[in-house]
Amino acid sequence: MTSRKGLAVADEPTDRWWCSAVIYQIYVRSFADGNGDGIGDLDGVRARLGYLADLGVDALWFTPWFPSPMADGGYDVADYRDVAPMFGTLADAEKLIDEAHASGVRIIIDVVPNHCSNEHPWFQRALAAAPGSPERELFWFRPGLGENGELPPNNWASIFGGQAWTRTTNDDGTPGEWYLHLFDSAQPDFNWNSPLVRNEFEDILRFWFDRGVDGIRIDSAALLIKDNDLADADLTGGPGAGHAYADRDGVHDVYRSWRRVADEYPNRALIGEIWLPDTERFARYLRSDELHVAFNFDFLCCAWDADLLRSVVDVTMAAHRPVGAPATWVLSNHDVVRHVTRYGRADTSFDMADRRIGTPSDLALGERRARAAAMLTLALPGGAYIYQGEEFGLAEVEDLPDDVRQDPFWSRSDHTEPGRDGCRVPLPWSGSQPPFGFSGDGAAAPWLPQPPSWADRTMRAQAARPDSMLTLYREALRLRRAQPELGDGPMSWLPTEPGVLAFTRGAGGFACVVNVSGAPTTLPAGELLLASDPLVDGQLPPDTAAWVRIF
Ligand code: TEU
Ligand code: CA
């Protein structure tokens with residue numbers, strides 16, 4: 001197996017593949033259905049490994065594939081060492097890992113350390129055990145406040161809405177202690193003060209590294225350590241050293257020990273999901289004895305505005321430089337509004353707290369900007385992420401019927417926040433009507449309905465069109481592998497007209513120009529390698545990007 005740029009991979013100790021990798025995110029449930037039950041699965045992925053290798057990505061990140069009641073799309077894990085029957089078997093996962101490696105593609109899995117499922121055997125045992133028992137010490141059980149314990153132990157709120165505590169019921173039917181859940185009530189938080197919890201997760205990492213997994217995406221990585229006093233939180237304060245549970249200093253010990261586990265194996269990467277406003281504190285997770293990389297959500301949230309984008313790039317590079325970690329660039333994932341929709345709105349930024357589902361969006365404009373943004377993303381220094389379906393130019397599905405919505409954001413907000421289902425609709429592969437090749441003939445309907453308008457968005461339809469989003473991604477990924485300056489390495493800004501981003505890579509032989517202004521702009525002299533839309537009179541039109549080999 002060889003990686004991009006011909007490095008020998010597998011067990012070569014010096015191959016820091018995560019520094020330049022293009023990582024494709026697979027939301028398993030919605031990628032491809034191999035057995036016709038309307039739910040994506042590992043067989044469906046295995047059947048499309050050829051597509052993914054041809055697309056030109058370096059690694060696949062799988063959202064959680066473990067057994068789960070699916071209260072939060074699998075982020076409620078009942079067994080960290082197996083595969084959900086709806087997705088396949090552990091043997092299927094092992095086959096998939098081997099087959100991907102054989103085609104030169106790495107595998108990243110998603111480990112959820114902050115919480116498990118309420119069906120996890122440890123939580124079931126804790127529920128059955130008495131208050132104060134060692135079983136309950138693995139979680140956060142507390143008596144309630146008020147005369148009869150009828151009030152939650154503190155004022156913490158669930159990130160999905162409502163309170164962060166749920167009251168248990170004793171065997172005799174009387175109300176019992178409360179337990180903490182920063183997300184859904186089906187996701188009890190682990191107590192990371194417990195050495196058993198710490199050992200368990202180190203063992204889970206080894207379990208998957210032993211099976212050849214190349215990287216671990218760490219879910220909600222900044223939330224593990226709680227204020228031991230469980231004092232009321234200042235709900236207006238941001239994350240940081242004094243926050244009740246986000247980004248507390250103690251969390252770094254956990255990742256130092258995870259790094260020691262990863263370093264027992266060659267070429268394994270730890271990837272943090274870390275949403276933090278303070279980039280200096282964010283970079284602490286990337287010190288040389290902690291995580292290798294983390295998602296850059298500032299870039300994802302940034303509006304389509306040249307000055308703001310440039311400032312995010314500068315702040316990102318400045319934050320990563322002192323810790324020697326590579327940056328990453330992300331436009332979409334399974335938690336956010338698809339960026340074609342976002343870029344077509346009047347406000348093109350993304351805010352987790354205000355997703356603005358149903359806001360008017362000019363999708364043609366959004367797609368044009370998404371094309372340019374893809375080229376920007378793939379030209380910046382470091383690694384890049386692609387969320388499944390962005391290479392087809394899919395927009396957010398904003399008109400899902402309410403009765404199919406599954407995201408706990410929807411149920412926990414009293415049906416005021418539609419949630420994240422609209423970016424999780426099963427992919428269209430071929431054909432002119434649902435299920436668009438997501439499942440085979442005679443299959444059950446996809447678990448979320450696909451819009452009939454996706455007929456011209458299928459992989460098959462786009463593969464045949466030179467001007468499609470898929471063709472652009474293929475061409476950009478092919479060029480990224482062929483241009484020696486791309487991936488990790490230096491960049492320098494070029495002087496431009498207002499509203500234009502332009503930078504060179506490496507020693508200056510490669511330039512990326514992104515026109516975010518309303519007027520055409522001139523390209524540097526050289527060979528045009530790729531443009532996200534055609535040039536007009538030799539000029540780069542608005543909302544268009546170009547890659548140029550400079551003479
Ligand atoms: O998302 C984490 C998440 O939602 C938080 O990072 C949150 O936005 C932030 O802490 C607010 O300050 C991950 C998964 O990506 C998501 O799909 C899961 O629902 C969630 O964790 C729970 O596991
Ligand atoms: Ca299936």
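How many positive and negative side chains does the chain have, and how far apart do the centres of the two sets lie? There are 49 positive and 80 negative side chains, with the two centres 5 Å apart. Here Lys and Arg count as positive and Asp and Glu as negative, while His and the chain ends are not counted; each charge is placed at NZ of Lys, CZ of Arg, CG of Asp or CD of Glu.

Before we go on, note that this is a predicted model, in which local features need pLDDT of at least 70, side-chain atom pairs count only at pLDDT 80 or more, and totals for chains, interfaces and linings use all residues. Residues are numbered from 1 along each chain as its sequence is written, chains are lettered from A and ligands numbered from 1 in the order written, and side-chain values use heavy atoms, without hydrogens and water.

Now the overall build. The C-alpha atoms fill a box of roughly 80 × 55 × 45 Å along the principal axes. Of the 551 residues, 60% count as buried, meaning under 20% relative accessible area with a 1.4 Å probe, protein chains only.

Next, let's visit the calcium ion (ligand 2). Its protein donors are Asp 33 (OD), Asn 35 (OD1), Asp 37 (OD), Ile 39 (O) and Asp 41 (OD), lying 2.2 to 2.4 Å from the ion. Donors are N, O and S atoms within 2.8 Å of the metal (3.2 Å for Na, K and Ca), and water is not among the atoms, so sites may look incomplete. Along the sequence, the donor residues follow the spacing D-x1-N-x1-D-x1-I-x1-D. Asp 33 is buried, with a relative accessible area of 6%, and Asp 41 is buried too, at 4%.

Note on methods: Buried < 20%, exposed > 50% of the residue type's maximum accessible area, 1.4 Å probe, protein only.
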